[in-house]
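I opened my notebook to look up a few residues and the overall build of one chain. My entries follow in the order I made them.

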Amino acid sequence: MSRLWLIRHGPTHAKSFVGWSDLPADLSDHAAIRRLEQALPQVPVISSDLSRAVDTASAIQGTRPRLSHDPRLRETFFGDWELLRWPEIEARDGDLARQVFESPGDVAPPGGESWNTFSARVHAGVHDLAGETIVVAHMGVILALAQKALNCSAADVLAHQIDPLSATVIDCPEGISGPWSCVCINQKF
């Protein structure tokens, strides 16, 4: 059996849509990082190639082996909406924004990725993982993977909150390519 330990990076404190912008994580809560590091199994760690994920992975790595950073584990690319706040997006592209977030699928932000394109990229990123692995990534990545484990729609999974420095655990009893089940979502230690 394989198990994915999906860890959301430390907070960026941004109040805007942050996808591929390389904002740093605030890793000053050493007690929370230590609790998370101690709660995780001694298995390999992989992360997105964005610094907020890389640095969080380094903070919780301990003596675990480290796999190469994987750009397929990046957050969704918001295109022209990158680093904008919701009111700005709504004023520019209100109808399109509602389509993107209320009916996620093939509709994308201007210059950005649709949910389906993003999700396919993320799933390709974990497809090659062998065995139990800690994946340090982003809220959207965790939700894209949780969607399969929960066997729910994209709209349903987007209703879940994923806090910084939380764990979402997915069991893959027949390996990564088989069926999945969700053990927990947004567990804080």
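**Entry: Asn186**

I looked up Asn186 and found it in strand E5, residues 181-187. Helices (H or I, at least four residues) and strands (E, at least two) are DSSP runs, numbered from the N terminus. I noted that Asn186 counts as buried because its relative accessibility is 19%. Buried means under 20% relative accessible area, exposed means over 50%, and partly exposed lies in between (1.4 Å probe, protein chains only). Then I read the backbone: phi of Asn186 is near 65°, a positive value in a residue other than glycine. Why did I write that down? Most residues other than glycine have a negative phi.

**Entry: ground rules**

I am working with a predicted model, in which local features need pLDDT of at least 70, side-chain atom pairs count only at pLDDT 80 or more, and totals for chains, interfaces and linings use all residues. Residues are numbered from 1 along each chain as its sequence is written, and side-chain values use heavy atoms, with hydrogens and water left out.

**Entry: Leu83**

I turned to Leu83, which is not a glycine but has a positive phi of about 65°. I placed Leu83 in the loop between helix H2 (51-61) and helix H3 (86-102). Is Leu83 buried or partly exposed? Leu83 is partly exposed, because its relative accessible area is 41%.

**Entry: Glu75**

I stayed in the loop between H2 and H3, where Glu75 is found. Glu75 counts as buried, because its relative accessibility is 9%. I listed what Glu75 touches, leaving out residues up to four places away in sequence; among them are Trp20, Arg52, Glu113, Arg121 and His138. Contact means heavy atoms within 4.5 Å. I also checked a distance: Glu75 and Thr56 are 19 residues apart in sequence and 15 Å apart in space, C-alpha to C-alpha.

I moved to strand E1, where Arg8 lies. Arg8 is buried, because its relative accessible area is 16%. Not counting residues up to four places away in sequence, Arg8 touches several residues, including Thr56, Ala137, His138, Pro164 and Leu165.

I took His9 next, in the loop between strand E1 (2-8) and helix H1 (30-39). His9 counts as buried, because its relative accessibility is 4%. I found a polar contact between the side chains of His9 and Arg52 at 3.4 Å. A polar contact is a pair of N or O atoms within 3.5 Å; within protein, one must be able to donate a hydrogen and the other to accept it, and residues adjacent in sequence count only if both atoms are side-chain atoms. Not counting residues up to four places away in sequence, His9 touches Arg52, Ala53, Thr56, Val136, Ala137, His138, Pro164 and Leu165.

I found Lys148 in helix H5, residues 139-150. Lys148 counts as partly exposed, because its relative accessibility is 33%. Which backbone oxygen does the side chain of Lys148 reach? I noted that of Ile176, at 3.4 Å. Not counting residues up to four places away in sequence, Lys148 touches His123, Ile176, Ser177, Gly178 and Trp180.

I placed Ser119 in helix H4, residues 115-127. Ser119 counts as buried, because its relative accessibility is 10%. Ser119 and Ala144 are 25 residues apart in sequence, and their C-alpha atoms are 5.4 Å apart in space.

**Entry: the whole chain**

I stepped back to the protein chain, which has six helices and five strands. From the N terminus on, I read the elements as β-α-β-α-α-α-β-α-α-β-β. The C-alpha trace spans about 45 × 40 × 25 Å along its principal axes. Of the 189 residues, 49% count as buried. I also looked at contacts with a separation of 6 or more: residues 24 or more positions apart account for 67% of them.
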